[in-house]
Amino acid sequence: MEESFRSYTDKTSVYDIKPLRTLKPVFPSGNHQSPPPFVCSPPFGPFPPGFSPFYPFTSSQPHTHNNSNPSSVTPLRSFRSDAEGSTPKRKTPKKLVRPDNVNFESGITSPERENGNRNLVTSVLTRYEALRRRFSQLEDAREAVSGINKRADLKAGSTCMSRGVRTNTKKRPGIVPGVEIGDIFFFRFEMCLVGLHSPSMAGIDYLLLKGDTEEEDTITIATSIVSSGYYDNEEGDPDVLVYTGQGGGNADKEKQTSDQKLERGNLALEKSLVRNSPVRVIRGLKEASPSVKIYLYDGLYEVKESWVEKGKLGHNTFKYKLVRAPGQPPAFATWIGIQKWKGGLTSREGLILADLSSGVESIGVSLVNEVDDENGPGYFTYSTKVTYSESFKLTQPSIGCCDCSSSCKPGSLNFRCVRRNGGDYPYCGNGVLVSRKGMVYECSSSCPCLVCKLKVTQMGVKVKLEVFKTVDRGWGLRSWDPIRAGSFICIYAGEAKEKEKTMENDDYAFDTTRVYTAFKWNYERGLADEVDSEEVSEEPEMPLPLVISGKDVGNVARFMNHSCSPNVFWQPVSYEDNGQLFLHVAFFAVSHIPPMTELTYDYGVTRPSGAQNGDTLYGMKKCFCGSEYCRGSFG
């Protein structure tokens, strides 16, 4: 042992080695006025002149290591993925959550998030859609500059997911609380947020259950499927669906590259067949625009058969025959019936007139009575205009036409039409209203744009409407087409009159001076990361009282009935005509409205003289809307 120590050489004396931590940069001597090649500064400053901090060292306050003030540090939990309990197939970059969003309150409790109800489902969908419209508005403004438009629906969905704006997170087979048969969705993320179908892309959703035997500890059953519309599912019976399994590489688009395997969703459907477990079916349907797909919840189905067949490219493909459970209200069958009416394959039962407007509307308005023998409403002149008497003049003068050169570009304050609307384009690119506001200003007919997108309410009705006889409320109005939330429906046409000259027995008068039930429809600033922006009032701002009578002259709006829980709201819109500024009452959809659903709005209640704010007001007519929140009267 002593010999080994004697043979040891102290190499530090040979190489003069020192610990690395003792090393420091040595700068060449010479001109002391030249700056050193390296600048050493703390991460959060202070910084020497000419040096700009970069991300993430951009704090406006000097950083300290005092543990008593942790508010400037983003908690580690903010960087966690919200997909708890799942194993991602690939790593995705984690998003940095801004500190001002850490304290966002969704207003949804843990039990409500796990199990929803109808009101909660409606609220979640309304909040998502409002946020999506806002993101779409911002993307439209960016696209006008950069030419790039990102998916606002995906951004809004991810935001709602991470902030807890969702419900029915408890996965289950069968009925989903608050989701009704016939509900329509325009985006896959909507179904995710309400627990109808969890995957944002996959067509089969399934659930892991405890097995019944010792051989099977766990089994998977299918909870829901989305029929994309690409599959060859036509059986001639709307209550039967032949569904193609997943896997094999785009079997639905005739690009299958390999055999499908009995695993995941395919295995879950097979187990549902054995256990006779119900499966929710969502039908993917294409409308007039090829780029727009609508998802229709068609209720519960049972898997009756399964087999394997060769696809068009020779690969094995799983097929499942599902039959709709009896006793459910019609959904897809109604859709199919409407398509046959439109195609002239079958006639509309109870049809009185094919076009009540006599060609005034670009899309004919049907008149239908399936209740009794009445041949139609009383006589009136159909018109899509609002006529103003000589005594009815607006106090706002004309300000001239829009100064856009080729197109009214959203987000640009260089254009008068954008400035008048508070700096934001009031509509998305597809004509959907973004937010309720005091007044929406549209371009006039003299706008020089080749294709002006700021004349939404001037372009007339864009859906197939039907005036029909109700059981207990006279004539009503509904649509053959699905209507997206925020979509324009029609204006209230007729004769503009002074309130003092309006007849008390005029059942077709729209009175802007009535008291209307307030409701929240616009996006939440905190949810959109706009906590510092100014809140926009949703209440109408009328420069003077406006009453429009549709008794003698009017359009389809005169047939819309009242409801205390309406699916349509009115919005003041102003635009010029022949150099004069005029007001109009335009109707927009509160939420997605399925086909053949009656369109209703709140008629409001007349405020009696001497009534104070906060007083309970009663209308002059009894309400028969049947809503859960019916106030009993209107008018």
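Okay, let's start with a pair in helix α4 (residues 118-146): R133 and E129 sit four residues apart there, which means about one helical turn separates them. Their side chains meet in a salt bridge, 3.9 Å from N to O, where a salt bridge is a side-chain nitrogen of Lys or Arg within 4 Å of a carboxyl oxygen of Asp or Glu. Both R133 and E129 are buried, and buried means under 20% relative accessible area, with exposed over 50% and partly exposed in between, using a 1.4 Å probe and protein chains only.

Quick housekeeping before I go on. This is a predicted model, so local features need pLDDT of at least 70 and side-chain atom pairs count only at pLDDT 80 or more, while totals for chains, interfaces and linings use all residues. Residues are numbered from 1 along each chain as its sequence is written, and side-chain values use heavy atoms, with hydrogens and water left out.

So, the overview. The protein chain has nine helices and 25 strands; those are DSSP runs numbered from the N terminus, H or I of at least four residues for helices and E of at least two for strands. Of the 635 residues in the chain, 44% are buried. If you take contacts between residues at least 6 apart in sequence, 67% of them join residues at least 24 apart, a contact being heavy atoms within 4.5 Å.

Back to salt bridges. How many does the structure hold? There are 28. Another one joins the side chains of E302 and K304, at 2.9 Å from N to O. E302 is partly exposed at 24% relative accessible area, and K304 is partly exposed too, at 44%.

Then there's E535 with K520, where the closest N and O atoms are 3.4 Å apart. Both residues lie in the loop between β17 (509-511) and β18 (547-549), so this pair ties together parts that are 15 residues apart in sequence. E535 counts as partly exposed at 46% relative accessibility, and K520 is partly exposed at 46% as well.

On to the cores. A nonpolar core here is a set of buried Ala, Val, Leu, Ile, Met, Phe, Trp, Tyr and Cys residues joined through side-chain atoms within 4.5 Å. The largest one has 66 residues, and M560, F587 and L599 have the most contacts inside it. Several elements each supply at least two residues of this core, among them β11 (386-388), α9 (416-420), β13 (465-469) and β21 (568-577). Which strand gives the most to this core? That's β22, with seven residues. If you click on M560 and ignore neighbours within four places in sequence, you'll find contacts with L477, C490, V568, F587, L599, Y601 and Y603. There's also a second, separate core of 40 residues, which includes Y128, I294, Y295 and F332.

First α7, residues 264-275: it has twelve residues and reaches 16 Å from its first C-alpha to its last, close to the expected 16 Å at 1.5 Å a residue, where the expected span is 1.5 Å times one less than the number of residues. Its buried residues are G265, N266, A268, L269 and S272. They cover an arc of only 160 degrees around the axis, so they are on the same side of α7; the arc is taken from the directions from the helix axis to the C-beta atoms. Those buried residues pack against several strands, including β2 (204-210), β3 (218-227) and β5 (279-286).

Just after α7, N276 takes a positive phi of about 55 degrees. S277 is found in the loop between α7 and β5. Is S277 buried or exposed? Buried, at a relative accessible area of 8%. Leaving out neighbours within four places in sequence, S277 is in contact with P173, I221, S272 and Y301.

The other helix is α5, residues 152-163: its twelve residues should span 16 Å at 1.5 Å a residue, and its end C-alpha atoms are 16 Å apart, which agrees. Buried residues in α5 include A152, A156, C160 and M161. G164 follows α5, and its phi is positive, near 80 degrees.

UniProt, in an unreviewed entry, lists residues 619-635 as "domain: Post-SET"; positions are in the numbering used here, feature names are shortened, and annotations may be inferred rather than shown by experiment. Over residues 619-635 the chain is 0% helix and 24% strand, and the end C-alpha atoms are 5 Å apart.
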